[in-house]
Amino acid sequence: MLIRNAWYVAAWADEVADRPLARRICNEPVVLFRDREGHAHALIDMCCHRGAPLSLGAVTERGLQCGYHGLTFDGAGACVAIPGQSHIPERARVRAFPLVERDAMLWIWPGDPARADPSLIVPYPYHNDTARWPHRHTMYPIKGAAMLMVDNLMDLTHLGYVHVGSIGGNPMTHVEARMETERTPTGLRFTRWMPNSLPPPTYVKAAGFTGRIDRCQRFEFIAPGAILQWSSADEAGAYANGQVDDSRLKFRLFHFLTPETDTSCFYFWSTANGYRLDDPSATTQLFAEIGAAFEEDRTVVEAQQARMSELGEDALVDITTDAARIHMRRTIERLAQTEPTPLAAE
Ligand code: FES
Ligand SMILES: [Fe+2]
């Protein structure tokens, strides 16, 4: 079941410029557009005249103009112009979704607009701090449920198998990583410590490690789709006192999984370089390396989805390292219980 009463990333802010963008969010066809004042809006992607997708239209001075017979809609979904007539019927409007532009992203609320409180949007100010956190961002469409991607990020023991050539390292280092987990009202936080481990190839390229390293990863999952990550590394022994802030290598990753349908999603992610701030090539290299690793995740998750769609999930077994993933799933189930039932919604 998809949770509707939540903020989701609908797009990177820079994806929506002078042309409308079609994107299915939680099974609903949505059109995103930016009006001539620069404000972004989200409407249902269906014209109230003859049902053409509004995303096939164009942005004009007055709003979004349908590409079929030219009805124009403002950001609130009201029809503001009909070619050849001055009277605009009361019913000539389309559904508008709450949309907020923040931290370089467009956040949409697919559920009840009355519950759309912008203070619930996950803050990520690092996207605005280009001096201390130069970053790059993109989106991967995934043919797999959003929750399978969240599972992937909540169980990092896959790093040593899926990402052996990039961000992985020795598989047992990941399985045996010391985990500190803390539950939060909206999800969980965990820190993984991997002292005295072998530096993975990406880390060697980024920071030139020659010997073994101490490695730390901090993750925060915020339901239903955000995962904020901090990763750091330094020479082995450097973390003996638990201090990681001055690490030789440190970077931030933002992950957000927005459901497209029940079995597909959009993976919005960014990488922020916190170690060679004045070197744009470091920012680009980090982005490329992490992007290649996420391609590996996409391959696994899409294949997993195909198999689960075919054979179901009943025979699956949980193991010890699933603990964080299971807690994440419970948080989602709790949230789902606050959703109106389909019957009540009708
Ligand atoms: S279908 Fe949109 S104007 Fe006719
Ligand atoms: Fe991965």
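Modeller: Two strands are said to pair if DSSP finds at least two bridges between them. The elements themselves are DSSP runs, numbered from the N terminus: helices are H or I with at least four residues, and strands are E with at least two. Please note that this is a predicted model, in which local features need pLDDT of at least 70 and side-chain atom pairs count only at pLDDT 80 or more, whereas totals for chains, interfaces and linings use all residues. Residues are numbered from 1 along each chain as its sequence is written, and chains are lettered from A and ligands numbered from 1 in the order in which they are written.

Colleague: Why are E4 and strand E9 said to pair?

Modeller: E4 and E9 (residues 96–97) are joined over two bridges in the antiparallel sense. The criterion asks for at least two, so the term applies. Leu 43 has Ala 96 of E9 as its bridge partner.

Colleague: What makes E3 and E4 a hairpin?

Modeller: Strand E3 (residues 28–34) and E4 run antiparallel and are joined by five bridges, with five residues between the two strands. In the turn, Gly 38 has a positive phi of about 95 degrees.

Colleague: What joins strand E2 to E3?

Modeller: E2 (residues 21–25) and E3 pair in the antiparallel sense over five bridges, with Arg 24 opposite Pro 29 in E3. These strands also form a hairpin, with two residues between them; Cys 26 in its turn has a positive phi of about 50 degrees.

Colleague: Why is E4 described as largely enclosed?

Modeller: A residue is buried if 20 or more other C-beta atoms, placed from the backbone, lie within 10 Å of its own, exposed if 12 or fewer do, and partly exposed in between. Four of the five residues of E4 (residues 40–44) are buried, so the rest of the structure largely encloses this strand.

Colleague: How many residues of H1 are buried?

Modeller: Eight of its nine residues are buried, so by the same criterion H1 is mostly covered. Among them are Met 147, Val 150, Asp 151 and Leu 153.

Colleague: Which elements does H1 lie across?

Modeller: Helix H1 (residues 146–154) lies across E12, E15, E16 (226–235), E17 (249–261) and E18 (264–273). These strands belong to an open sheet of seven, in the order E12-E18-E17-E16-E15-E14-E13, with antiparallel pairing. Its edge strands, E12 (135–142) and E13 (178–184), each pair on one side only. Helix H5 (residues 280–311) lies across E12, E17 and E18, at about 15 degrees to E12.

Colleague: Why are H1 and H5 called oblique to each other?

Modeller: Axes are lines fitted to C-alpha atoms, for helices over the stretch in contact, and angles run from 0 to 180 degrees between N-to-C directions. Angles under 35 degrees count as roughly parallel, over 145 as roughly antiparallel, 65 to 115 as roughly perpendicular, and the rest as oblique. The axes of H1 and H5 come within 10 Å and cross at roughly 130 degrees; the pair is therefore oblique.

Colleague: Which residues of H1 and H5 meet?

Modeller: Two residues are in contact if their C-beta atoms, placed from the backbone, lie within 7 Å. Leu 148, Met 149 and Asn 152 in H1 meet Asp 297, Val 301, Gln 304 and Gln 305 in H5.

Colleague: What makes strands E1 and E10 edge strands?

Modeller: Three strands form an open sheet in the order E1-E11-E10, with antiparallel pairing. E1 (8–12) and E10 (99–102) each have a single partner strand, so one side of each is without a neighbour in the sheet. E1 pairs with E11 (residues 105–108) over four bridges in the antiparallel sense, and Ala 11 has Leu 106 of E11 as its bridge partner.
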